[in-house]
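Q: I have a model open and want to go through it with you. Can we start with the contact between the chains?

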Amino acid sequence: MPTRLTPVRVGLSLMTTEDFRAASLPLFADGVVDALEWSPDMLWAPCGERHPEPAWCAALLDHYEHAGRLSGHGVHLSAFSAEAPTRHERWFARLAGDPRRYRRFSEHVGFMSAPGFADGAPLPVPRCAETVALGAAALTRIARVTGVPAGLENLALAFSESEAWEQGPMLADILSAASTASTAEAPAFLVLDLHNLWCQAVNFAIDPERLLAAFPLERVRELHVSGGSWSHPRADPLGRRFRRDTHDGAVPDEVLALIEPALARCPLLEDVFLERLGGTMLTEDERGGFRTDFMRLRALVYEAAHA
Amino acid sequence: MPDHDHPAINLATYQRRLLEALHHADVDSDGYAIARELRADPLLAPLAERMGRWEPRSLETAAELARRWGRVDPATTAEAPHSDGTRDQT
């Protein structure tokens, strides 16, 4: 087992909605949220202006930014779109104008736009030289614009079992190419989303720990943990459910069970973030469940990090 | 030959054709119809081996995501981040 070189913090991915505020504020008040993740592009309007951060969010962001515990996480770049130069230029221009100072900044594998299609959920990309070049270029540019290490998050959706298996090696290729192109002091990193990994494992009947081992774990700096939902495709003659990463439910026990093996194999891990979509905690039971998820996650991480 | 060594994959063509097929699929289409459309596309012939492994239930789910979160915009390549953070995540 590798020796852990850094402490591990447990934090939240910040949403701007009222239900998220009500659910998370007791955790912040109790001082148990070690770090914060923020997606500034959630507030970037199409015509160029920036929606203001809600005051309560701004206060939290100020606090964690000044403590050096704020991670940035883009959601709208579509870094792997082969034909989206305007989208990419606008996104990077807005990132350059973002006043926040992050500890590191990440985006996602996958693409959501092409000529004629403006947005959507991220879709898989094949492992090929062009994919590696696009990903490495995006990471190099993120690192240059933000001045901090850049990373990529693994994708939940795959069209086949073989695509699930190729994602780890593809990410290794991309991160290696980006690190070569940038600087040795700020190597590109992996955001390993354990729910996304579990989605692929459960959808294609793969042992999740074997799939975990296929990723470049020596590059993991952050873990993401979340819940999701099920689709029921008619095309499956066996009637199997299909897991999706919708961030709208409780964290499955199977995902929490991956915390210990992930921490054991990711020696440079620094932050674990719980993600829950705003607008999905409309009852007190749901908000209480979110806090229970966070405290369970925190206990598991602390136990595994100090084992 | 592994796909990542194949020189003929055109990523732009793959992305355009995949999004077209997912958006064309109506709510009554199952994943087999989407798979048939993609596999019959001569521009995607270099990806035939890969597409042969695609599971229709995965494509059907992707079409469901495209219907829910995707936005067709013939005038531009893309530019419209959401401001409320509500979409399928990754």
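Q: How many residues does the contact take from chain A and from chain B?
A: Chain A gives 69 residues and chain B gives 55 residues, with contact meaning heavy atoms within 4.5 Å. This is a predicted model, where local features need pLDDT of at least 70, side-chain atom pairs count only at pLDDT 80 or more, and totals for chains, interfaces and linings use all residues. Residues are numbered from 1 along each chain as its sequence is written, chains are lettered from A and ligands numbered from 1 in the order in which they are written, and side-chain values use heavy atoms, with hydrogens and water left out.

Q: What area is buried between chain A and chain B?
A: About 5300 Å², with carbon and sulfur atoms giving 57% of that. Buried area is the accessible area (1.4 Å probe) that two parts lose on being put together, summed over both. Of the area that chain A buries against chain B, 14% comes from Phe117(A), Phe159(A) and Arg234(A), more than from any other three residues.

Q: How many salt bridges between chain A and chain B?
A: Five, where a salt bridge is a side-chain nitrogen of Lys or Arg within 4 Å of a carboxyl oxygen of Asp or Glu. One joins the side chains of Glu163(A) and Arg50(B), at 2.9 Å from N to O.

Q: By class, what is on the side of chain A that touches chain B?
A: It has 34 nonpolar, 17 polar and 18 charged residues. Nonpolar covers Ala, Val, Leu, Ile, Met, Phe, Trp, Tyr, Cys and Pro, charged covers Asp, Glu, Lys and Arg, and polar covers the others, Gly among them.

Q: Which strand of chain B pairs with S5(A)?
A: Strand S1 of chain B, residues 71-72, in the antiparallel sense over two bridges. Two strands pair if DSSP finds at least two bridges between them. Arg71(B) is the bridge partner of Asp119(A).

Q: Now chain A itself. How many helices and strands are there?
A: Chain A has 10 helices and 11 strands. These are DSSP runs numbered from the N terminus: helices are H or I with at least four residues, strands are E with at least two.

Q: Which residue does Asp271(A) meet in a salt bridge?
A: Arg9(A), at 2.9 Å from N to O. Asp271(A) lies in strand S11 and Arg9(A) in strand S1 of chain A, so the pair ties together parts 262 residues apart in sequence.
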